[in-house]
Amino acid sequence: MADEIMPKSDEFGLAKADQSKAPITNHNSSSFGKQLLGFWVTFKTMFKKVNTVQYPEVKEPTAERFHGRHQLNRHPDGLEKCIGCELCAWACPADAIYVEGADNKEGEQFSPGERYGKVYQINYLRCIFCGLCIEACPTRALTMTNEYELADDTRAKLIFEKDDLLGPLRAGMVPPPHPMYPNTDDGNYYRGEVTGSHPSQGIAKND
Amino acid sequence: MSNAELISQDPGWIIALKGLIIFAACVFLTIMSVWGERRIVARMQQRSGPNRVGKFGLLQALVDGVKLALKEDLIPKAADRIVFVLAPVISTTTCFMAFAVIPLTGEVNFFGHTTAMQLTDLSVGVLYVLAIASVGVYGIVLAGWSSGSTYPLLGGLRSSAQVISYEVAMGLSLVAVFIYSGSMSTSEIVAAQHDWWNAVILFPSFLIYAISMVGETNRAPFDLAEAEGELVGGFHTEYSSLKFALFFLSEYVNIIAVSALATTLFLGGYHALPGLNFTEQWLGGWFTLVWFFIKVLAFFFVFVWLRGTLPRLRYDQFMKFGWKVLIPFSLAWIMVVSTLRVMSQRESPRFLIIAFIFSVAFIYIGVTSLSDRSKAKKLADSKITNITQPDFPVPVIPNSEVEQLNG
């Protein structure tokens, strides 16, 4: 029975406790001197540089992979990556995501393939920023930005709609709905073979 | 002229004005010291502290006060309403009263009158301060009792036990001062320190007073009455709004009051630092006020420093320290001081005095080494502990007989 509990490395745990036969050295005469040393530590610290960041005026960049507000990404031609599969909503442990998928129709194509996310809401009063939704997303449509300033004064404002979450249109992107790149299917999009928009898809944003 | 004679000639309006000035100074000092404490503790923790409201955050405490005043004033249903309201009032009034006998300056010209900045001079001034301080504890005890809640009650109980034990030590530490200066009047004690500060000649007394004044004011590391990790807010858990603000105020005025008393009794009061006596004549004597407050603020810094450095004591350690260390030590010290005093008054031969000092030192060393030896013996005895080993694996208890796992 003991074998199961004994740790493999004897640096830690029970094995280490077994070795500690030294008496507890709390009663030596130098402990009072050591306590006085503590006063020097706090005194010294007073003259060190403070660590505080003066937040609203100074903003330190977050860690690279900081879990901030979500973003719904686009393909290079402007079509949305979200296919309305609801995997993110199912993955969410806090039940913060609501997705309603719909069929792409002829002349009203939002994403490559059959389906797109018609309604996409994230409730930031519930979201715990765990990132399980972005792990669940099969098309990398949902990712997280580093934006952390999400405070607001009403509950309604903290439910982000699809418009709030969609990434910006970059140069070369055509705002959807528009048809897919000529002679491609959703597989081409998925493999990243579509690298820009085609004139037949509409007027691309240029800047 | 002594301070007592100067003050006795004061007309009524000067007394009233002095009272007002002392009150205003206390409130102002409180506001500034709350700010100062937060800033200093912050620096000790490598933070910057409040720096938003006003230049360097100077108005922070003022704004906090306004916030407290605007908050909802709750009285719990289970509370004893009259006592509940009375408790913070007792706490606050008493801590201001202690300031009445503290001499802030020597002889000064006050609106054309020659007087001293001291409200009144009692021949038993220090006893008065001690008495007032003990009445102040009623505020805390009654607050704890009248809240009708568990944590405040525990906080109040702790506070009463604490203040009783540390006031004994405090009172005893002052006895040596009384013996040496031959008076209990604050101004005469200050005058008696003209050559040497009491902190130098009566250093053990000073040490005991400095420790017990921290216990007396419920400050870290002795803040057991409001130990937030154990008792939520302690005696003031149920207090809100202005009543809480009064407790807050009284805590800080109390710190300043005990610091002022310590300055008066041990650090030469309003007198200048040694070697700078010429400054006492500056501004027609008013400059002594600066010296007084420098000393008080130095004490305040020590209070903050203690808070920034030491963890809170466990309750039993705290009581043990008070009753088994501070009180016996001060009793022994008083014996030594009084014997020396009587010897010097009767003009005993010098060799007798030196012999006495040596014998005291010898007894002290003997007693401490004996207690060290008994402590070591106790430790050696405690090394072998008999524990029946359970049949599941457990970490070995250090120094126990069985040092093998038998799982």
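This is a predicted model: local features need pLDDT of at least 70, side-chain atom pairs count only at pLDDT 80 or more; totals for chains, interfaces and linings use all residues.
Of the 207 residues that make up chain A, 19% count as buried.

Three of the strands of chain A are arranged in an open sheet, in which the order is S2-S3-S5 and the pairing is antiparallel. The edges of this sheet are formed by strand S2 (97-103) and strand S5 (159-160) of chain A, each of which pairs on one side only. Between S2(A) and S3(A), which run antiparallel, there are seven bridges, and within this part of the sheet A:Gly101 is placed opposite A:Gly117 of S3(A). Strand S3 of chain A, which comprises residues 115-123, is also paired with S5(A), again in the antiparallel sense, and here the pairing extends over two bridges. In this second pairing, A:Asn123 has A:Ile159 of S5(A) as its bridge partner.

Chain B, for its part, contains 14 helices and two strands. Its C-alpha atoms occupy a box of roughly 90 × 70 × 40 Å when the dimensions are taken along the principal axes. Of the 407 residues of chain B, 40% count as buried, and among the contacts in this chain between residues at least 6 apart in sequence, 74% link residues at least 24 apart.

The assignment for chain B divides the chain into domain 1, covering residues 3-347, and domain 2, covering residues 352-385. A distance of 35 Å separates the C-alpha centres of domain 1 and domain 2 of chain B. Contact between the two domains involves four residues of domain 1 of chain B and four residues of domain 2 of chain B. On the side of domain 1 of chain B that touches domain 2 of chain B, three residues are nonpolar, one is polar and none is charged.

Within chain B, the axes of helix H2 (residues 12-44) and helix H11 (residues 241-266) come within 9 Å of each other and cross at roughly 100°; H2(B) is therefore roughly perpendicular to H11(B). From H2(B), the residues that make this contact are B:Cys26, B:Leu29, B:Thr30, B:Ser33 and B:Val34, while H11(B) contributes B:Leu249, B:Tyr252, B:Val253 and B:Ile256. Taken together, the residues of the contact of H2(B) with H11(B) comprise seven nonpolar and two polar residues, with no charged residue among them.

Two further residues of helix H2 of chain B may be considered in turn, namely B:Lys18 and B:Arg43. B:Lys18 counts as buried because it has 21 C-beta neighbours inside 10 Å, the cut-off for this class being 20 or more. Apart from neighbours within four places in sequence, B:Lys18 is in contact with B:Met117 and B:Leu119.

When its neighbours within four places in sequence are left aside, B:Arg43 is in contact with A:Met46 of chain A and with B:Gly49 of chain B. The C-alpha atoms of B:Arg43 and B:Met170, two residues that stand 127 residues apart along the chain, are separated by 31 Å.

How values were computed. Residues are numbered from 1 along each chain as its sequence is written. Chains are lettered from A and ligands numbered from 1 in the order in which they are written. Two strands pair if DSSP finds at least two bridges between them. Helices (H or I, at least four residues) and strands (E, at least two) are DSSP runs, numbered from the N terminus. A residue is buried if 20 or more other C-beta atoms lie within 10 Å of its own, exposed if 12 or fewer, and partly exposed in between; C-beta atoms are placed from the backbone. Domain bounds come from an automatic or database domain assignment. Two residues are in contact if their C-beta atoms, placed from the backbone, lie within 7 Å. Ala, Val, Leu, Ile, Met, Phe, Trp, Tyr, Cys and Pro count as nonpolar, Asp, Glu, Lys and Arg as charged, and the others, Gly among them, as polar. Axes are lines fitted to C-alpha atoms, for helices over the stretch in contact, and angles run from 0 to 180 degrees between N-to-C directions. Angles under 35 degrees count as roughly parallel, over 145 as roughly antiparallel, 65 to 115 as roughly perpendicular and the rest as oblique.
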